[in-house]
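Try each task before you read its solution.

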Amino acid sequence: MSEPAVAEEVRVRIDDDRAIVDARQKGRAMALKIGFSSGAATLIATAISELARNILLYAGRGEIALQSIEREGFPGLLVLARDEGPGIADLDQALEDGYSTSGRLGLGLPGVRRLMDEFDVVSRIGDGTSVRIVKWKHA
Amino acid sequence: MDVPILKQGPYLIATVQSALTDADLMGLRDKIVSGVGNHRARGVIIDVTALDVMDSFATDTLCEIAHMTRLRGARTVIVGIQPDVAYAMAHMGLTLEGIHAALDLEEGLTHLNRTAARGAN
């Protein structure tokens with residue numbers, strides 16, 4: 001499958017809890033602009049909120065990049081959440097429901113995975129974590 | 001963003017008016033828990049109609065508020081969860097475990113009055 005074409009990109013620096021709200025509001029606005037329903041836009045905004053909080057909680061700071069994309073005629077929204085934090089030691093465990101090292105709910109990543117069409121996470125110890133999620137607007 | 005809390009009879013009504021940061025949510029929790037003592041409230045209604053996202057932290061904090069007020073002798077009802085927000089919460093697997101939710105303020109008050117009439121806590 002060909003690489004998606006990027007029509008627009010918005011980047012939000014995540015370094016405090018106000019940035020979490022900012023990132024999810026910008027994500028919702030972009031989703032609505034792409035033509036997603038308000039229900040789908042809420043799913044996307046919720047996923048962004050979780051990823052932004054993970055950055056703040058585990059890495060202290062990082063970035064959320066929002067891209068309006070298109071692949072084979074289908075529009076979509078891609079979210080890239082990147083940090084240079086400590087990385088996730090056991091990815092398989094982090095993707096299990098109920099797991100969290102922060103002591104909170106730990107529904108973050110598995111929940112986000114359920115909200116989106118594509119979900120990829122790359123993490124290296126001492127190097128940081130990068131999560132890439134996509135929601136496609138189906139015809 | 002500070003959330004105003006009104007006292008109505010034996011109840012406290014907190015109306016969220018815009019998006020809340022994590023710090024705002026924790027501030028709301030502290031204000032409600034101390035407010036229950038200061039006003040000797042028997043019930044709390046948190047109106048989240050204006051919230052456009054309820055993620056795991058918001059859900060977790062609302063559950064925490066409900067459990068804390070319960071330990072202080074007051075019941076909490078969450079009202080006004082929007083359809084889109086309910087849809088996202090259901091997809092994420094987020095639940096308000098052990099907490100009563102109602103459609104709107106009126107239903108929330110009815111629930112608290114009914115609970116008080118039954119004498120249950």
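This is a predicted model: local features need pLDDT of at least 70, side-chain atom pairs count only at pLDDT 80 or more; totals for chains, interfaces and linings use all residues.

**Exercise 1.** Find the order of the strands in the open sheet of chain A, and explain what sets its edges apart.

Solution. Step one: read across the five strands, which gives E1-E2-E3-E5-E4, with antiparallel pairing. Step two: go to the edges, where strand E1 (5–14) and strand E4 (118–124) of chain A stand. Each has a single partner strand, so one side of each lacks a neighbour in the sheet. Step three: check the twist, which averages 15 degrees from one strand to the next.

Step four: take one pair. Strands E2 (residues 62–71) and E3 (residues 74–83) of chain A run antiparallel and are joined by 10 bridges. In E3(A), A:Val79 stands opposite A:Leu66.

**Exercise 2.** Which residues of helix H3 (residues 83–92) of chain B are buried, and why do they line one face?

Solution. Buried means under 20% relative accessible area. In H3 of chain B, the buried residues are B:Val85, B:Ala88, B:Met89 and B:Met92. Look down the axis of H3(B): these residues fall within an arc of 100 degrees, so they line one face of the helix. Residues three or four places apart in an α-helix point the same way, because there are 3.6 residues a turn.

Next, turn to the other side of H3(B), where B:Pro83 and B:Ala90 are exposed. Last, find the packing partners of the buried residues of H3(B): helix H2 (38–59) and helix H4 (108–115) of chain A, together with helix H2 (56–71) of chain B.

Notes
Residues are numbered from 1 along each chain as its sequence is written. Chains are lettered from A and ligands numbered from 1 in the order in which they are written. Side-chain values use heavy atoms; hydrogens and water are left out. Two strands pair if DSSP finds at least two bridges between them. Helices (H or I, at least four residues) and strands (E, at least two) are DSSP runs, numbered from the N terminus. Axes are lines fitted to C-alpha atoms, for helices over the stretch in contact, and angles run from 0 to 180 degrees between N-to-C directions. Buried means under 20% relative accessible area, exposed over 50%, partly exposed in between (1.4 Å probe, protein chains only). The arc is that of the directions from the helix axis to the C-beta atoms. Contact means heavy atoms within 4.5 Å.
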